Amino acid sequence: MALLPVTPPAGIIKNGTDYANKGRWVDGNLVRFENGFLKPVGGWSKLRNTALTGEPIGMYAYNDNVGNPVLAVGTRQKVYVLYNNTWTDITPSGFVNDSAADPLGYGAYNWSAEDYGDARSQSGLPLKQGHFSFDNWGEHLIFCFSGDGKIYQWRPESQPGGTTDTIATAVTNAPTGCQAVLVTNERHLVAIGSGGDPRKVSWSDRENNTNWTSQATNTAGDVQIPTGGRALLAVKYQNDVIVFSDTGIDRMSYVGSPFIYGISAAGVNCKAVSRRSVVQTGNFVAWMGENSFFVYDGVAKEIKCDVHDFVYDNLNVTGRQSCWGGHNSNFNEIWWGFPVGDGQYTPNKYVIWNYLENTWSIGSLDRGCWVDQGAFDYPIAADSSGFVYEHESTTLAKSPNLNGTAPFCTSGPIELGNGNNYVQCSQIIPDEEANTLPGVTISFKGKFTPLGSETDFGSFTFDNDGYTDARFTARQVQMTVTGSTTQDFQVGNIRLNVRTRGRR
């Protein structure tokens with residue numbers, strides 16, 4: 001008898017065939033890898049009991065001057081804030097949203113589903129996907145929606161006697177026709193695609209976001225991006241600003257008087273698949289490209305992605321503008337969501353990149369935008385129906401809309417025997433941690449050849465004695481670990497008690 005370790009190394013691999021990935025994890029859902037161990041992701045709870053109006057497509061969180069958290073959510077129809085435990089619709093007067101351009105005419109939905117001649121109440125066609133950019137000017141919320149083009153501000157009431165704005169209003173004298181907005185470390189308000197010029201980046205006077213006219217007595221100004229295409233988005237990276245365009249990225253740096261900012265190309269052929277997919281962290285910027293994932297840490301480069309085929313072989317390209325990304329800093333993770341399936345234009349699949357350990361995980365989840373913990377205790381995300389959730393806040397069993405779905409991870413073929421020899425397993429010795437055993441169920445399926453018929457050997461759970469009897473014979477097995485939804489667990493080194501036997 002011999003004890004054979006069968007737990008694959010950390011990380012799911014989806015490139016190539018399952019047999020090419022023998023001895024590795026090849027499928028999963030609702031799991032992550034932390035410190036090399038398989039664990040469940042945290043569950044989520046509703047931050048608001050009722051849905052927001054419109055599909056949420058942008059989020060931002062910060063604190064006011066006395067430390068109260070502010071959450072801003074932009075949907076395809078409105079803009080909301082959560083402040084002092086109260087949700088408020090702050091949509092500006094005359095705001096131009098995405099839903100105004102929804103295709104609801106002839107051919108927009110199934111034939112005979114609704115009355116002839118009426119506009120459809122829903123559409124089966126891809127919907128226009130604009131982009132929200134948010135920042136804060138002190139405690140004032142600043143935002144711009146690409147379909148509207150104006151720069152707005154909203155002021156919370158943080159001081160006694162102060163007044164909270166009921167709706168957002170346009171920043172006085174700010175340019176219109178903009179694609180995005182940002183506040184620099186030097187306290188300039190920056191407009192991307194300023195004034196409708198697709199290559200122009202302009203900024204206000206320092207500490208004065210109502211003065212945009214460049215003069216010898218102020219620091220307002222503008223530059224043109226050097227890379228081709230349009231300037232679409234900007235994020236802060238250390239002391240600089242990274243501008244995303246149709247073809248790549250540019251780096252805008254503070255240079256002082258008289259030019260204030262200079263700009264230079266920082267990467268080409270690294271276009272983001274969508275503006276929502278760009279994720280800012282403390283040390284780097286990462287994004288989902290059109291056929292690769294990228295990171296910028298002073299140099300733009302591709303990320304080695306073990307789940308590339310899972311993403312790009314299945315991505316509904318027509319709906320790619322809905323792809324999103326989010327930072328989950330407590331777990332050193334970046335999550336990306338994307339749509340999969342004909343007629344699927346909102347994200348329903350995700351991948352997780354643990355950038356500290358360079359491992360990947362995959363799964364299914366309806367989410368459209370995400371903001372990291374910081375101002376709030378937990379990461380916050382929203383689904384396509386308009387519900388907003390606090391992630392990592394509870395167990396999976398208590399999470400809405402899971403309907404009993406359990407976390408699982410499945411291995412590729414694990415070879416037990418060589419040549420003409422088969423292997424017989426008589427015991428399974430688990431290595432798991434959970435508050436209450438059993439924390440996981442382990443099941444095995446076996447084959448004698450890679451393309452041969454498959455035999456289900458059943459499922460096994462484990463109590464305090466630390467092992468369970470089993471009896472199956474195979475040359476290779478595939479293992480699935482299914483976890484509890486009511487508690488955390490982690491899976492270590494599972495071993496099989498095996499002996500070699502002949503073909504008969």
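**Entry 1: an exposed loop residue**

I started with aspartate 342, which is found in the loop between β27 and β28. I number strands from the N terminus; helices (H or I, at least four residues) and strands (E, at least two) are DSSP runs. The model is predicted, so local features need pLDDT of at least 70, side-chain atom pairs count only at pLDDT 80 or more, and totals for chains, interfaces and linings use all residues. Residues are numbered from 1 along each chain as its sequence is written, and side-chain values use heavy atoms, with hydrogens and water left out.

Is aspartate 342 buried or exposed? Aspartate 342 is exposed, at 85% relative accessible area. I call a residue buried under 20% relative accessible area, exposed over 50% and partly exposed in between (1.4 Å probe, protein chains only). I also checked aspartate 342 against glycine 319: they are 23 residues apart in sequence and 9.7 Å apart in space, C-alpha to C-alpha.

**Entry 2: the sheet around that loop**

I traced an open sheet of four strands in the order β26-β27-β28-β29, with antiparallel pairing. Two strands pair if DSSP finds at least two bridges between them. The edges are β26 (324–328) and β29 (359–364); each has a single partner strand, so one side of each has no neighbour in the sheet. From one strand to the next the twist averages 20°. For this I take axes as lines fitted to C-alpha atoms (for helices over the stretch in contact), with angles from 0 to 180 degrees between N-to-C directions.

Next I followed β26 to strand β27 (residues 333–338): five bridges, antiparallel. Tryptophan 324 has glycine 337 in β27 as its bridge partner.

**Entry 3: two hairpins in a row**

Strand β19 (residues 240–245) and strand β20 (residues 248–256) run antiparallel, joined by four bridges. Valine 241 has methionine 252 in β20 as its bridge partner. The hairpin from β19 to β20 passes through two residues.

Strand β20 also runs antiparallel to strand β21 (residues 260–268), with eight bridges. Here glycine 256 is bridged to isoleucine 260 in β21. The hairpin from β20 to β21 passes through three residues.

**Entry 4: aromatic pairs**

How many aromatic pairs are there? I get 31 aromatic pairs. The rule: rings of Phe, Tyr and Trp (its six-membered ring) pair if their centres lie within 6.5 Å; planes under 30 degrees apart count as stacked, over 60 as edge-to-face and the rest as tilted.

I looked up phenylalanine 95 and phenylalanine 145. Their ring centres are 5.7 Å apart and the planes stand at 45°, so this pair is tilted. Phenylalanine 95 is in the loop between β9 (86–89) and β10 (132–137), and phenylalanine 145 is in strand β11 (residues 140–145), so the pair ties together parts 50 residues apart in sequence. Phenylalanine 95 is buried at 11% relative accessible area. Phenylalanine 145 is buried too, at 0%.

Phenylalanine 95 also pairs with tyrosine 152, edge-to-face, at 6.1 Å centre to centre and 65° between the planes. Tyrosine 152 is in strand β12 (residues 151–154), 57 residues from phenylalanine 95. Both phenylalanine 95 and tyrosine 152 are buried. Ring pairs link a cluster made of Tyr60, Tyr62, Phe95, Phe132, Phe134, Phe143, Phe145 and Tyr152.

**Entry 5: arginines over rings**

I count a charge as over a ring if NZ of Lys or CZ of Arg is within 6 Å of the ring centre and within 35 degrees of the ring normal. Arginine 187 sits over the face of tryptophan 137, 4.4 Å from the ring centre. Arginine 367 sits over the face of tryptophan 44, at 5.0 Å.

**Entry 6: the largest pocket**

The largest pocket has a volume of about 770 Å³. On a 1 Å grid over the protein atoms alone, a pocket is an open set of points with protein on both sides within 12 Å along at least five of seven lines; lining residues have an atom within 4 Å of a point. Grid points are joined across faces, edges and corners, and the volume is the space filled by probe spheres set on the points.

Which residues lie nearest the centre of the largest pocket? They are Met59, Tyr60, Val278, Gln280 and Trp370, out of 33 lining residues. Strand β6 gives the most to this lining, with five residues.

Technical notes. On a 1 Å grid over the protein atoms alone, a cavity is a set of points where a 1.4 Å probe fits but cannot get out, and a pocket is an open set with protein on both sides within 12 Å along at least five of seven lines; lining residues have an atom within 4 Å of a point.
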